[in-house]
Amino acid sequence: FWEFVIFIRRLCITTFAILYTHYWFPIVLIGVLLIFLGAHHYKQPFRYKEANIMEYFSICCTIIVVSMQVSTTYLTEVNENGAYVIVGFIIGPVLVMMVYAYCILYKIKQNPGRYLEP
């Protein structure tokens, strides 16, 4: 069941690229992503806590990226500080995901029996 939920969420995100010409669509997409975020938080569908955290963080990053794209679309001119903030919102989550993935790999190396099935 949860694979279907993830598929629907990905379908919503890909239609964002197609229907972005309508001014109302980004607002609807952010609302739908917030619903998926709430459902994920309520169900915690994955077996391991780390996988749930990673998925939760992924949905949050998607919401931030859509919000940043919408806000920069309506700005006629972005000053230098605004550009640094936008780059930070794009590069920051990538760095956080890399550090988190490293921490998970370290935990797996320390206790492989807990995370890896025989």
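**Exercise 1. Find the residues that Leu-37 touches, leaving out those up to four places away in sequence.**

Solution. Step 1: Leu-37 makes contact with Tyr-56, Ile-59, Cys-60 and Ile-63, when residues up to four places away in sequence are not counted. Contact means heavy atoms within 4.5 Å.
Step 1: Leu-37 lies in helix α2. Helices (H or I, at least four residues) and strands (E, at least two) are DSSP runs, numbered from the N terminus.
Step 2: Between Leu-37 and Ile-63 there are 9.7 Å in space, C-alpha to C-alpha, and the two are 26 residues apart in sequence.
Step 3: Leu-37 has a relative accessible area of 11%, so Leu-37 is buried. Buried means under 20% relative accessible area, exposed over 50%, and partly exposed in between (1.4 Å probe, protein chains only).

A note on the model: this is a predicted model, in which local features need pLDDT of at least 70 and side-chain atom pairs count only at pLDDT 80 or more, while totals for chains, interfaces and linings use all residues. Residues are numbered from 1 along each chain as its sequence is written, and side-chain values use heavy atoms, with hydrogens and water left out.

**Exercise 2. Which members of the largest nonpolar core touch the most other members?**

Solution. Step 1: A nonpolar core is a set of buried Ala, Val, Leu, Ile, Met, Phe, Trp, Tyr and Cys residues joined through side-chain atoms within 4.5 Å.
Step 1: The largest nonpolar core has 13 residues, and Phe-16, Leu-29 and Ile-63 touch the most other members. At least two residues of this core come from each of α1 (2–19), α2 (25–43) and α3 (49–73).
Step 2: Beyond four places in sequence, Phe-16 touches Phe-25, Pro-26, Leu-29, Val-66 and Gln-69.
Step 3: In soluble globular proteins, nonpolar side chains tend to be buried together.

**Exercise 3. Is Arg-9 buried or exposed, and is His-40 buried or exposed?**

Solution. Step 1: Arg-9 is found in helix α1. Its relative accessible area is 9%, so Arg-9 is buried.
Step 1: Arg-9 touches Leu-33, Phe-36, Glu-55 and Ile-59, not counting residues up to four places away in sequence.
Step 2: His-40 is in helix α2. At 1% relative accessibility, His-40 counts as buried.
Step 3: With residues up to four places away in sequence left out, His-40 touches Trp-2, Pro-45, Phe-46, Asn-52, Glu-55, Tyr-56 and Ile-59.

**Exercise 4. Where is Gln-44 found, and is Gln-44 buried or partly exposed?**

Solution. Step 1: Gln-44 is found in the loop between α2 and α3.
Step 1: The relative accessible area of Gln-44 is 36%, so Gln-44 is partly exposed.
Step 2: Phi of Gln-44 is near 45 degrees, a positive value in a residue other than glycine.
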